[in-house]
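Please examine the sequence and the structure shown below. The paragraphs that follow lead through selected contacts.

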Amino acid sequence: MSVYDGPVQSLIDELGRLPGIGPKSAQRIAFHLLKVDAEDARRLARSITEAKERVSWCRRCFNFAEGELCTFCRDERRDAHVVCVVEEPRDIVAIERTGEFKGRYHVLQGAISPIEGIGPEQLRIKELLGRVSEQGITEIILATNPNIEGEATAMYLARTLKPLDLRVTRIASGLPVGGDLEYADEVTLGRALEGRREVS
């Protein structure tokens, strides 16, 4: 039985459906929205509606886009021959923050996960293979997450791309800056040793 009247409970229920929002957080956000000025709440509602109406998938890389192509695909200064493959659009944000990558992206929109019923067919792999032949890509950087699903996806992609005569690399994974060796797990420490480089 719900404690609150219809619209309040409905708002809490809808907020609770968002990822990472539990019942208490949903209740806190709902109460905040009910307390703010009506115009603030309307502005939030407008932003959500406008984003749903105007934002779609980039037809080339499957990042979010307003129009046919996303910002990165429209930018002629970026190297079109090097493509970084990520699982989700949010991963692009993390890579862009480094300021190190000047190529283009390809968003798989997920990772291989047999438990969740996600196989290669559900991802944007076919489109990636199409880009390789059409756009003269010379290197693909696999930047999937360093978890079981991300590793499985990277291995599948590496096997699939190998016969296509291009360079396929995987981002290194290892110890975070500021971390202590004694707290690192064996896999992370092993990767750090494996990816070691010469000190100049």
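How many aromatic pairs does the count come to? In this predicted model, the count comes to three aromatic pairs. In the pair of Phe72 and Tyr105, the ring centres are 5.3 Å apart and the planes stand at 70°. Planes over 60 degrees apart count as edge-to-face, so the pair of Phe72 and Tyr105 is edge-to-face.

The packing of helices may be considered next. Two packed helices are described by the angle between their axes and by the distance between the axes. For helix 1 (residues 6-16) and helix 2 (residues 23-35), the angle is about 130° and the axes are 8 Å apart. Helix 1 and helix 2 are therefore oblique to each other, and their crossing is right-handed. On the side of helix 1, the residues that take part are Val8, Leu11, Ile12, Leu15 and Gly16; they meet Ala26, Gln27, Ile29, Ala30, Phe31, Leu33 and Leu34 of helix 2. Sorted by class, this contact of helix 1 with helix 2 has 10 nonpolar residues, two polar residues and no charged ones.

A further helix pair is formed by helix 6 (residues 125-135) and helix 7 (residues 148-161), which pack at an angle of about 35° with their axes 12 Å apart. The crossing of helix 6 and helix 7 is right-handed. Helix 6 contributes Ile125, Leu128, Leu129 and Val132 to the contact, while helix 7 contributes Tyr156, Leu157, Thr160 and Leu161. By class, the contact of helix 6 with helix 7 comprises seven nonpolar residues, one polar residue and no charged residue.

Helix 7 also holds Glu151. Which residues is Glu151 in contact with, leaving aside its neighbours within four places in sequence? They are Asn145, Pro146, Arg170 and Arg191. With Arg170, the side chain of Glu151 forms a polar contact of 3.1 Å. The C-alpha atoms of Glu151 and Arg170 are 9.9 Å apart in space, and the two residues are 19 residues apart in sequence.

Finally, attention turns to Thr169, which is placed in strand 6 (residues 167-170). When residues up to four places away in sequence are not counted, Thr169 touches Glu139, Ile140, Ile141 and Leu142. With Glu139, Thr169 makes a polar contact of 3.0 Å between the side chains.

Conventions. Residues are numbered from 1 along each chain as its sequence is written. This is a predicted model: local features need pLDDT of at least 70, side-chain atom pairs count only at pLDDT 80 or more; totals for chains, interfaces and linings use all residues. Side-chain values use heavy atoms; hydrogens and water are left out. Helices (H or I, at least four residues) and strands (E, at least two) are DSSP runs, numbered from the N terminus. A polar contact is a pair of N or O atoms within 3.5 Å; within protein, one must be able to donate a hydrogen and the other to accept it, and residues adjacent in sequence count only if both atoms are side-chain atoms. Contact means heavy atoms within 4.5 Å. Axes are lines fitted to C-alpha atoms, for helices over the stretch in contact, and angles run from 0 to 180 degrees between N-to-C directions. Angles under 35 degrees count as roughly parallel, over 145 as roughly antiparallel, 65 to 115 as roughly perpendicular and the rest as oblique. A crossing is left-handed if the near helix is turned anticlockwise from the far one by less than a right angle, and right-handed if clockwise. Ala, Val, Leu, Ile, Met, Phe, Trp, Tyr, Cys and Pro count as nonpolar, Asp, Glu, Lys and Arg as charged, and the others, Gly among them, as polar. Rings of Phe, Tyr and Trp (its six-membered ring) pair if their centres lie within 6.5 Å; planes under 30 degrees apart count as stacked, over 60 as edge-to-face and the rest as tilted.
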